[in-house]
Amino acid sequence: MIKKIVMATNNANKLREVREILSPLGIEIISQKEAGTDVDPEENGVTFEENAFIKAKAVHDIIGGTVIADDSGLCVDALDGRPSVYSARYAPNDMKCKKLLDEMKDIPENERTAYFECCIALVTSNEEPKFMTGRCYGKIGTEERGTNGFGYDPVFMYGEKTLAEMSPEEKNKVSHRAKALEKLYDYLKKRNGE
Ligand code: IMP
């Protein structure tokens, strides 16, 4: 029975989201800092799975127990899936959308498909690691719209709106992170019920 999970992050928003979604299961979620480590390993994997695993394993190696970590990014079909695991490093935060629009200025509307992916790795002492992946499919628009969210949200069209034009509640229903977390919820519920 899993009663406590350490999340390998110090990002307060991610922690809050995970706590909200997993709270019905009665599992306590604590940050790696609260658990006593501020390890920050190099994310040198080439997939979201590898990077999520690197983060969760680094914390597990120090404090043991059950640890989760997530890794996410944007994959654009016309750019052969880039920026993918390099999404955070693609450009400084206030330049990410501008650089992407610039790089895609000659790509026609019907070839602008893209998706966000989030992978959550769950590392425990006695079992193989588990991976839960969620995706959010959409298109890259031709201008920045909206002020909510972060990163590439102002240029990522989900239907007629960008993610930055959606309220946090609306985005949390369709986001890649929410979908991966729903899978984690289902897995933990089943596991704790057995
Ligand atoms: P990380 O998983 O926190 O390392 O995020 C990687 C990068 O992907 C972030 O810096 C963002 O640029 C981008 N990203 C991940 N999720 C989202 C999202 O929901 N909206 C916009 N950008 C995102």
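Helices (DSSP runs of H or I, at least four residues) and strands (runs of E, at least two) are numbered here from the N terminus. Keep those labels handy as we walk through this predicted model, where local features need pLDDT of at least 70, side-chain atom pairs count only at pLDDT 80 or more, and totals for chains, interfaces and linings use all residues. Residues are numbered from 1 along each chain as its sequence is written, and side-chain values use heavy atoms, with hydrogens and water left out.

Let's begin with the loop between β3 and α3 (96-103), which is where you'll find Pro-83. A cis peptide bond links Pro-83 to Arg-82, with omega at about -5 degrees. Asp-80 belongs to the loop between β3 and α3 too. Its phi is near 55 degrees, a positive value in a residue that isn't glycine.

Now for the sheet. Strands of a sheet pair through backbone hydrogen bonds, either parallel or antiparallel. In this model, seven strands make an open sheet with mixed pairing, and their order is β2-β1-β3-β4-β5-β6-β7. β2 (28-31) and β7 (161-162) sit at the edges with a single partner strand each, so one side of each has no neighbour in the sheet. Two strands count as paired if DSSP finds at least two bridges between them. Take β1 (residues 4-7): this strand pairs with β3 in the parallel sense over two bridges. Val-6 has Val-67 in β3 as its bridge partner.

So what surrounds the ligand? There are 15 residues around the ligand, and the closest are Lys-14, Ser-72, Asp-153, Lys-171 and His-176. To be near a molecule, a residue needs one of its heavy atoms within 4 Å of it. β3 gives the most to this shell, with three residues, while β3 (67-76) and α5 (176-193) each supply at least two.

Which atoms come together here? Polar contacts are pairs of N or O atoms within 3.5 Å; within protein, one must be able to donate a hydrogen and the other to accept it, and residues adjacent in sequence count only if both atoms are side-chain atoms. An N or O atom in the side chain of Lys-171 is 2.8 Å from an oxygen atom of the ligand. The side chain of Arg-177 has an N or O atom 3.1 Å from a ligand nitrogen atom. Tyr-152 uses a backbone N or O atom, which lies 3.3 Å from a nitrogen atom of the ligand.
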